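The sequence and the structure come next.

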Amino acid sequence: MLRMAARLRGLAMAASNNSISSNPMQPSSNIQKLIQQLRLYSAPRFGSSFGNEDDEIDERGKVFSQMGLAESSVPPPVTSQNQRAAVLICLFEGDHGDLRVILTKRSSNLSSHSGEVALPGGKADESDPDDVATAMREANEEIGLDPSLVNVVTVLEPFLSKNLLRVVPVIGILSDRQAFKPVANVSEVEAIFDAPLEMFLKDENRRAEERELMGADYLIHFFDYQTDDKKFLIWGLTASILIHAASIVYQRPPSFAEQYRKFHHCLKRDFSK
């Protein structure tokens, strides 16, 4: 167990140290353009951060929430950062030239959030030097993704869960998908699959529910996706992160209503008290 932990820490350190280096496999021209585009992306950030909420992290350190807000949509309260989490948005080019993202379905045997769809990722370890290292270590542990296969190109602004836990999305490019041989950690992951990133900008197979927090209404998005006769429901924090990532990659907003405008003003009022 100690050897495995040390190996994963080593992989995470390697991913962090080489996060901006080129993948040894030559990517397609479309992927090269995407890499250049994303490297120019500068995420809006606030200088301070949000507090820690243990009920947003399960017993294995994985992050789940019904809701996800981009941190720039809310003003920063005066708190100290005690805990961080990171997820990996691993993109690759599909057979038809479309961009696809790797997702997981949690094991049905887990005591909490069983069977839910998530991005690879989880809580930061004390040995992780940064968010890239956290995301890559967790992806290696959950689905057997070797960090050397991933070209990390940018880190998006943190997202906030329902209880304002900070979750940092890391975007990486898998240029040689044939070299990736998925190996699910059966204690955590029931299935590994991929979905088209662009679907998170479309109104097809999507529905939303209105909820209330701090006196403001917000939307929880649900996306139904079917592949190989299997059906998956992608929703909550995972859906919110992917909507935002798709907007940045495709450089256009989603075709459905935005989520945060009213919420921004309400949170600003609440935090200013």
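## Confidence of the model

The average pLDDT, the predictor's confidence in each residue on a scale from 0 to 100, is 78 for the chain, and 67% of the residues score at least 70. In residues 14–24 the pLDDT is below 50, and this stretch has 24 contacts in the model beyond near neighbours in sequence, where a contact means heavy atoms within 4.5 Å. Residues 62–67 also have a pLDDT below 50, with 40 contacts in the model beyond near neighbours in sequence.

This is a predicted model, in which local features need pLDDT of at least 70 and side-chain atom pairs count only at pLDDT 80 or more, while totals for chains, interfaces and linings use all residues. Residues are numbered from 1 along each chain as its sequence is written, and side-chain values use heavy atoms, with hydrogens and water left out.

## Overall make-up

The chain has five helices and 12 strands. These elements are DSSP runs numbered from the N terminus, with helices being H or I runs of at least four residues and strands being E runs of at least two. Among the 273 residues of the chain, 51% count as buried. Buried means under 20% relative accessible area, exposed means over 50%, and partly exposed lies in between, with a 1.4 Å probe and protein chains only.

Of the contacts in the chain with a separation of 6 or more, 72% are between residues 24 or more positions apart.

## Helix α4

Helix α4 covers residues 236–250, which is 15 residues. From its first C-alpha to its last α4 reaches 21 Å, close to the 21 Å expected at 1.5 Å a residue; the expected span is 1.5 Å times one less than the number of residues. Because 14 of its 15 residues are buried, α4 is largely enclosed by the rest of the structure. Gln251 follows α4 and has a positive phi, near 55 degrees.

## The loop between β11 and β12

Most residues other than glycine have a negative phi. Asp228 is not a glycine, yet its phi is positive, about 50 degrees. This residue lies in the loop between β11 (216–227) and β12 (230–235), and Asp228 is exposed, with a relative accessible area of 67%.

Asp229 is found in the loop between β11 and β12 as well. Its phi is near 65 degrees, again a positive value in a residue other than glycine. With a relative accessible area of 75%, Asp229 is exposed.

## Two arginines in strands

Arg100 belongs to strand β3, residues 99–106. It is buried, at a relative accessible area of 15%. The side chain of Arg100 makes a polar contact with the side chain of Asp98 at 2.9 Å. A polar contact is a pair of N or O atoms within 3.5 Å; within protein, one must be able to donate a hydrogen and the other to accept it, and residues adjacent in sequence count only if both atoms are side-chain atoms. Leaving out residues up to four places away in sequence, Arg100 touches several others, including Cys90, Phe92, Asp194 and Tyr225.

Arg207 is in strand β10, residues 206–213, and is partly exposed, with a relative accessible area of 39%. Its contacts outside four places in sequence are with Ile220, His221, Phe222, Asp224 and Leu233. With Asp224 there is a side-chain to side-chain polar contact of 2.9 Å. Arg207 and Trp235 are 28 residues apart along the chain, and their C-alpha atoms are separated by 9.6 Å.

## Aromatic rings

The structure holds five aromatic pairs. Rings of Phe, Tyr and Trp (its six-membered ring) pair if their centres lie within 6.5 Å; planes under 30 degrees apart count as stacked, over 60 as edge-to-face and the rest as tilted. One of the pairs is Phe193 with Phe232, which is stacked at 3.7 Å centre to centre and 10 degrees between the planes. Phe193 lies in strand β9 (residues 189–196) and Phe232 in strand β12, so the pair ties together parts that are 39 residues apart in sequence. Both Phe193 and Phe232 are buried.

The ring centres of Phe222 and Trp235 are 5.2 Å apart with planes at 5 degrees, so this pair is stacked. Because Phe222 lies in strand β11 and Trp235 in strand β12, the pair ties together parts 13 residues apart in sequence. Phe222 and Trp235 are both buried. Ring pairs also link Phe193, Tyr225 and Phe232 into a cluster.
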